[in-house]
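Here is a friendly walk through one structure, looking at charged pairs and at a pair of packed helices. Please take a moment with the sequence and the model before reading on.

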Amino acid sequence: MNLNWVYQIPLWLLVIPVFLLMLLAPMEVGFRLGARQHRAHPDAKEAARGDVTIAAMLTLLGLMLAFTYSFSMSRADLRKRAFTAEVNALSTAFLRADLAAEPGRTVLSEHLLNYARSRLVTREMVSNWSEFEKVIERSMEAQSKLWPATRTAVRHHGDMTDPEKALLISAINDVLDAHTSRMAVIFDRIPAPVLALLLLIAASALSMAAYNATLSGHQYRLRLTAFAVILAVLMCVIVDFDFILHGFIRINHESLAALIQEMEASLEP
């Protein structure tokens, strides 16, 4: 199941119409069913107090929340590491491009600069998934020019030694590999079945809690509503780790922007 449509929705819209309503609606059903059962069988409150099902459901909910939060946070950490690795690879490749002789040196450095610019993607630059895919296409086009420029640079007659050629080729390979790693972690998100199962468990737990509370003669509507709100916000935080366009938890791109400025200053005549 493709969840790209979810990640195009502003995050604050997920709190009220999606997550919150999917939790409050089952909770209200539980209240109504519990009230009906309480009116029909007033002596059922003792059975409700001894029911261990709700405790088991809340325990399962806690485990699912912990696992999905850990999964999302680890993926966000991998994205940060991949971004840092790509910035380091670009910086190293740009420095080693000075080992090449002219005119290959300048041509390769300019292609590295153009590629670095294509890798700087901010929320202000894209507003939907289609624009993000176009940014990726432009980045791939800029990347396709790196290897031909490298091959020309190392084959050009000059005083470049074989070890220096090996260092330059290795640096360019690292840039290409960093692109693959970064793209892989960008699209590595919470599987749709896992997110659906989390919502199902949360909705079921709230519904059963509301049912048991009403069956025992106490609704606790305010407390359960507050609990539902907290759950909705927590789920949004979990999903927010996977947002790359409109999320609140984002990767800081200042290091790449600073590198681009240094590259531009180095190429200025």
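How many salt bridges does a search of the whole structure find? The search finds eight, where a salt bridge is a side-chain nitrogen of Lys or Arg within 4 Å of a carboxyl oxygen of Asp or Glu. Please keep in mind that this is a predicted model, in which local features need pLDDT of at least 70, side-chain atom pairs count only at pLDDT 80 or more, and totals for chains, interfaces and linings use all residues. Residues are numbered from 1 along each chain as its sequence is written, and side-chain values use heavy atoms, leaving out hydrogens and water.

Three of these pairs are listed here.

| Salt bridge | N to O distance |
|---|---|
| Asp77 and Arg81 | 3.0 Å |
| Glu86 and Arg119 | 2.8 Å |
| Glu86 and Arg182 | 2.7 Å |

Let us begin with Asp77 and Arg81. Both lie in helix α3 (residues 53-96), four residues apart, about one turn of the helix. Helices here are DSSP runs of H or I with at least four residues, numbered from the N terminus. Asp77 is partly exposed, with a relative accessible area of 32%, while Arg81 is exposed at 57%. Under 20% relative accessible area counts as buried, over 50% as exposed, and in between as partly exposed, using a 1.4 Å probe and protein chains only.

Next comes Glu86, which forms a salt bridge with Arg119. This pair links distant parts of the chain, with Glu86 in helix α3 and Arg119 in helix α4 (residues 104-119), 33 residues apart. Both Glu86 and Arg119 are buried.

Glu86 also forms a salt bridge with Arg182. Arg182 lies in helix α7 (residues 162-186) and Glu86 in α3, so the pair ties together parts that are 96 residues apart in sequence. Arg182, like Glu86, is buried. Elsewhere, salt bridges that share partners join Glu28, Arg32 and Arg221 into one network.

Now to the packed helices. Helix α6 (residues 146-155) packs with α7 at an angle of about 180°, their axes being 11 Å apart. Because of that angle, α6 is roughly antiparallel to α7, a label for angles over 145 degrees. The axes are lines fitted to C-alpha atoms over the stretch in contact, and angles run from 0 to 180 degrees between N-to-C directions.

Which residues meet there? From α6 come Leu146, Trp147, Thr150 and Val154, and they meet α7 residues including Lys165, Leu168 and Ile172. Contact means heavy atoms within 4.5 Å.

Technical notes: Helices (H or I, at least four residues) and strands (E, at least two) are DSSP runs, numbered from the N terminus. Angles under 35 degrees count as roughly parallel, over 145 as roughly antiparallel, 65 to 115 as roughly perpendicular and the rest as oblique.
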